[in-house]
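I opened a new notebook page for this protein.

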Amino acid sequence: MVNAGSKGNLVNISQIIATVGQQNIEGKRIKYGFKDRTLPHFTKFDFGLESRGFCIHNYLQGLTPTEFFFHSMAGREGIIDTACKTADTGYIQRRLCKSMESHSIQYDGTVRDSLNQIIQFLYGGDGMDPSSLESQKLTLVSDNEEEFINKYHYDFSIDMNHFGLGVMTERAIEDFLDIDFLKIKHILVTEEQLLREYRDFLKKEILIDGSNMVCLPINIQRLIKTAQNIHHIHPMSDKSNLHHVEVIQKVRELVNSLIVVKGDETIAIESQYNATLLLKIYVYSNLSSKQVVFEHRLTNKALNWIIGEIKDKFYHSMATPGEMVGAIAGQSIGEPSTQMTLNTFHYAGVSAKNVTLGVPRLNEIMNLSAIIQTPQIKVHVEETAKFDRDHAKDVQSQLEYTSIRKLIKRTEIQYDPKDSQSLIDDDHWIRYAESPNKRKSKFVLRFILDHMQLINKDLSLGNICQCINEQFSEMLIAHSNEGCSGDPIIRIRAIKNYNKKSHIKLNDMRILLHLELYIFNNLRLKGIEGITRVVMDKDAHSKEWILYTEGSNYLDILNYERVNFKKTVTNNIIETFNILGVEASRQLILDELSKVYGDTYINSHHLQLLADTMSHYGELRAVSRYGICKAPTGTLMRASYEQTVDVLYDSAIFAEKDKMEDVSSNIIAGRFSRIGTGFCDMSFDSACLPVEANNSFVLEAIQSPTWSIDQDYETKEIEVNNEPVDAFMASPMQSDDEFVDVESTDDDKLTNEFDKWFNDPSSDTIFDHYITFDTASPMLEPTSPMLFDHPNTKSIVTPAYISYGPRPPSET
């Protein structure tokens, strides 16, 4: 099952036959549930594997009672997690759909909302329908130099008379050699250089993580195999009737014909370039002249067929106007969130790199939380030293905020009135220290520091004493035993210049107690405030050293001179917006959403639309009641989301008008929305239709509260249910024709008159038009019974409408 991919993975197999492994609660080992131990079965302060939740046995052997208990704890967490996340993910999907419900593609290619505000200038950046895209490999990025040369490089040192022998037909070789050699060389070298430039650009700007997977509407490798099958081409034995210059010209014409954005303006040209760049590189790399002729042996017909298929597939893959891409994006992002775990911490091999993922992180992004659970900055060191581990470690020590509390092993206050005659055995060195002539306390505060921490933080006792003396120059004086053997020690005394009016007693030990607590919590030795910890890690792809911080102080880190500020990023969206602006924060939203979903495939079109929805106002707006209800949409749309009564009250107070352009507003009113096939209006010119006598039937509806009669028609008046009704009939084609008598209140008689006229082809009475109308006048109820309920009656109208048309043929 694992090999087939239907169910399970290697972890399940290892738990069955090897070991179940470590059980974790909230991303950590089993905590102490009893006093200083996890279960009464273990001794106190036992930090061993078994006592902290590691299940040594496997499922075949069976678990011990304690292992079973810890395993049940982890399983219980999963059950609770599933129950809790259902409500959260459902609410997330509702917020997504409500915030983007009116986003649709317009005829100019832009994505707009119900207010006609532009969300995206081009849907997804390329204008393609996500359902037409498929993931495939762009081998140009992953190929090494040897593979690149085999595919695209030509060796001009060989004799050109032997060029293409056994691969190309004689006619193709002759046509190729008829071209000037310098021209041939220039064309082929230019093709290779272009592909090299594209490869470098992809690695530096687009596929910087080393991946070669892209989503494109065309799979050229599959088209090549299909073309070979259709045209019966055997790539190992057949010969191609194409030559290389001809292939390059055809492919260049193909690429130039793939147009997404039309126009000669600068912005249109740039949009067209960006929209088709990836596809252009893909086409050039798969239909290079050497591959088409030497490797695939394609004929002229086969290549033309492939080019035609590419054009056809390309234009069929473009997103159509009227597509409600917002609702699709909301569903596409919301559905995978139901597969997430509620609380996920991602470690990536380094324990300090824990980052909140899953539903909590998705909520943080959508709510634009200013205070997040795990703020982190990814710090790149300067370019010249990014591969130097010692340099990165030095920067690490400079960035990490270091207070004296991280260095202290213990503190103590002792009575030691004179430095020169110290009563403390370990402080004989103080007898030789210079002491200023000031009043000093008889009590001394001693800090015993951790020697290894001093080395790791790159600090000396002299630095620490200098910081204390500078920050508390009027209150304290500090000395250290720097250069002496034994534990690092700092002695601190309270000092005070002589002042008779002072009410503070210098020898009061409470002063030192307060000073001890203050120094312990607030004395800053080095680093950037807010950065509680910094860890190093080597990037697997680029092999450069990267620093990850716990805590965030983005502005100060960007200003640090030994940091590459162009690449350094934080995961705090609000902080990025305040410092770098809306474009940077929009990109960060996109990146963070991609991290949250990880390996779960969500097309980038949907994530881009969400990021643009949150940032298209020029400021960030959350996908919540504070963002959706803040948008200037219709009253009914905002009321259909949350805080219905408040929204309606405010709208009534300020006399707001709802233009009924939102999807929700039209649903509430029972109207059709301008979406999908109802996106456009249809104009119908009946005069342009071919009308044949007595064979065509064209209906028109004229809405009028009072029936307006054209001058060519003669008016008759009848009474129905004691209500006067104006009826009109067409003028006869000949002056001696008779009118049908409709001046009657007898329903049966009227029906019989019309039956006679409809069913008697030989009747002398000929009318251009016939009419149908309700028994009631336009002011009466529309549920009144029809007067002329006749099978030949082609149109039944509401009281506010009249219908007329050519007389039906006699055979109907």
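My entries follow, one topic at a time.

**Ground rules.** I am working with a predicted model, where local features need pLDDT of at least 70, side-chain atom pairs count only at pLDDT 80 or more, and totals for chains, interfaces and linings use all residues. Residues are numbered from 1 along each chain as its sequence is written, and side-chain values use heavy atoms, with hydrogens and water left out.

**Cysteines.** How many disulfides are there? I applied the rule that a disulfide is a pair of cysteine sulfur atoms within 2.5 Å. The count is 0. I then checked Cys465. Its closest cysteine sulfur is in Cys467, 9.3 Å away, so the two are too far apart for a bond. Next came accessibility. Buried means under 20% relative accessible area, exposed over 50%, and partly exposed in between, with a 1.4 Å probe and protein chains only. Cys465 has 7% relative accessibility, so it counts as buried. Cys55 is at 0%, so it is buried as well.

**A sheet.** I noted first that helices (H or I, at least four residues) and strands (E, at least two) are DSSP runs, numbered from the N terminus. Two strands pair if DSSP finds at least two bridges between them. I found an open sheet of 4 antiparallel strands in the order β18-β19-β10-β20. Which strands form its edges? They are β18 (533-538) and β20 (569-570), and each pairs on one side only. Inside the sheet, β10 (377-380) and β19 (545-550) share 3 bridges in the antiparallel sense. Lys378 stands opposite Tyr548 of β19. Helix α14 (389-399) lies across β10, β18 and β19, at about 165° to β18.

**A loop residue.** Where is Ser673? I found it in the loop between α25 (663-669) and β21 (700-703). Its relative accessibility is 15%, so Ser673 counts as buried. Contact means heavy atoms within 4.5 Å. Leaving out residues up to four places away in sequence, Ser673 touches Val663, Asn666 and Gly678.

**A helix pair.** Two packed helices are described by the angle between their axes and the distance between the axes. Axes are lines fitted to C-alpha atoms, for helices over the stretch in contact, and angles run from 0 to 180 degrees between N-to-C directions. Helices α7 (220-230) and α9 (266-286) pack at about 40°, with axes 10 Å apart. Under 35 degrees is roughly parallel, over 145 roughly antiparallel, 65 to 115 roughly perpendicular, and the rest oblique. The pair α7 and α9 is therefore oblique. I also listed who meets whom: Ile220, Gln221 and Ile224 of α7 meet Tyr282, Val283 and Asn286 of α9.
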